[in-house]
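The sequence and the structure are shown first.

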Amino acid sequence: MKNFSLLLLMFISFNTFAGQVRIKVSGMVCSMCAQGIQKKFSSQTSVKEISVNMDEKLVTLQIVEGEEISDDIIKKLITEAGYNVSAIERK
């Protein structure tokens, strides 16, 4: 029974991802770039917070607990904003 409880807990925690997504973006050069990307992600209900680091060319998304955002949606939104995704990392 103890093993079953542990497995159930692991299953629940994997399916209720609340965390951080770090996206390396190429093509960002100014604060208007950052604003454009923030605007694209602000319409996503799964995204709680968006930060853009121009020096590192990094977009960081804080995800709402129990929600997800797929890599395909991330790539689509970044591409629509006029930039390219180099890498996506989830924590």
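This is a predicted model: local features need pLDDT of at least 70, side-chain atom pairs count only at pLDDT 80 or more; totals for chains, interfaces and linings use all residues.

Strand β3, residues 58-63, is largely enclosed by the rest of the structure, because five of its six residues are buried.

**The strands around β3**

Strand β3 has two partners. Strand β1, residues 20-26, pairs with β3 in the antiparallel sense over five bridges. Within this pairing, Val 21 is placed opposite Leu 61 of β3. Strand β2, residues 47-53, also runs antiparallel to β3, and six bridges join the two. Here Glu 49 is the residue that stands opposite Gln 62 of β3. In a regular strand, side chains alternate between the two faces of the sheet.

Thr 60 illustrates the setting of this strand. Thr 60 belongs to β3 and counts as buried, since its relative accessibility is 12%, where the cut-off for burial is under 20%. Apart from neighbours within four places in sequence, Thr 60 contacts Gln 20, Val 21 and Arg 22, and also Glu 49, Ile 50 and Ser 51.

The hairpin of β2 and β3 has four residues between the strands, and Lys 57 in this hairpin adopts a positive phi near 55°. Met 54 is also found in the loop between β2 and β3. Its C-alpha atom is 6.9 Å from that of Val 29, although 25 residues separate the two along the chain. Beyond its neighbours within four places in sequence, Met 54 is in contact with Met 28, Val 29, Cys 30, Cys 33 and Ala 34.

**The chain as a whole**

The protein chain contains three helices and four strands, and from the N terminus these elements follow the order α-β-α-β-β-α-β. Of its 91 residues, 26% count as buried. Among contacts with a separation of 6 or more, 61% are between residues 24 or more positions apart. The accessible surface is about 6,100 Å², and carbon and sulfur atoms account for 54% of this area.

**The nonpolar core**

Which residues touch the most other members of the largest nonpolar core? In this core of 20 residues, they are Met 28, Ile 37, Phe 41, Val 59 and Leu 61. Two or more residues each are contributed by β1, α2 (31-42), β2, β3 and α3 (71-80). Helix α2 supplies the largest share, with four residues.

The surroundings of Val 59 show how several parts of the chain meet at one residue. Leaving aside neighbours within four places in sequence, Val 59 is in contact with Val 21, Arg 22, Ile 23, Val 25, Met 28, Ile 37, Ile 50, Ser 51 and Val 52.

**Salt bridges**

Side chains of opposite charge can pair when their charged atoms come close. In the whole structure, five salt bridges are found. Three of them are listed here with the distance between nitrogen and oxygen.

| Salt bridge | N to O distance |
|---|---|
| Glu 80 and Lys 40 | 3.1 Å |
| Asp 71 and Arg 90 | 2.6 Å |
| Lys 76 and Glu 80 | 3.2 Å |

The side chains of Glu 80 and Lys 40 meet in a salt bridge. Because Glu 80 lies in helix α3 and Lys 40 in helix α2, this pair ties together parts that are 40 residues apart in sequence. Glu 80 is partly exposed at 42% relative accessibility, and Lys 40 is partly exposed at 27%.

Asp 71 forms a salt bridge with Arg 90. With Asp 71 in helix α3 and Arg 90 in strand β4, residues 84-90, the pair ties together parts that are 19 residues apart in sequence. Asp 71 is partly exposed, having a relative accessible area of 30%, and Arg 90 is partly exposed with 35%.

Glu 80 also forms a salt bridge with Lys 76. These two residues are about one helical turn apart, because four positions separate them in helix α3. Lys 76 is exposed, with a relative accessible area of 52%.

Notes. Residues are numbered from 1 along each chain as its sequence is written. Side-chain values use heavy atoms; hydrogens and water are left out. Buried means under 20% relative accessible area, exposed over 50%, partly exposed in between (1.4 Å probe, protein chains only). Contact means heavy atoms within 4.5 Å. Accessible areas come from the Shrake-Rupley method with a 1.4 Å probe; for residues, only the protein chains shown count as cover. Two strands pair if DSSP finds at least two bridges between them. A nonpolar core is a set of buried Ala, Val, Leu, Ile, Met, Phe, Trp, Tyr and Cys residues joined through side-chain atoms within 4.5 Å. A salt bridge is a side-chain nitrogen of Lys or Arg within 4 Å of a carboxyl oxygen of Asp or Glu.
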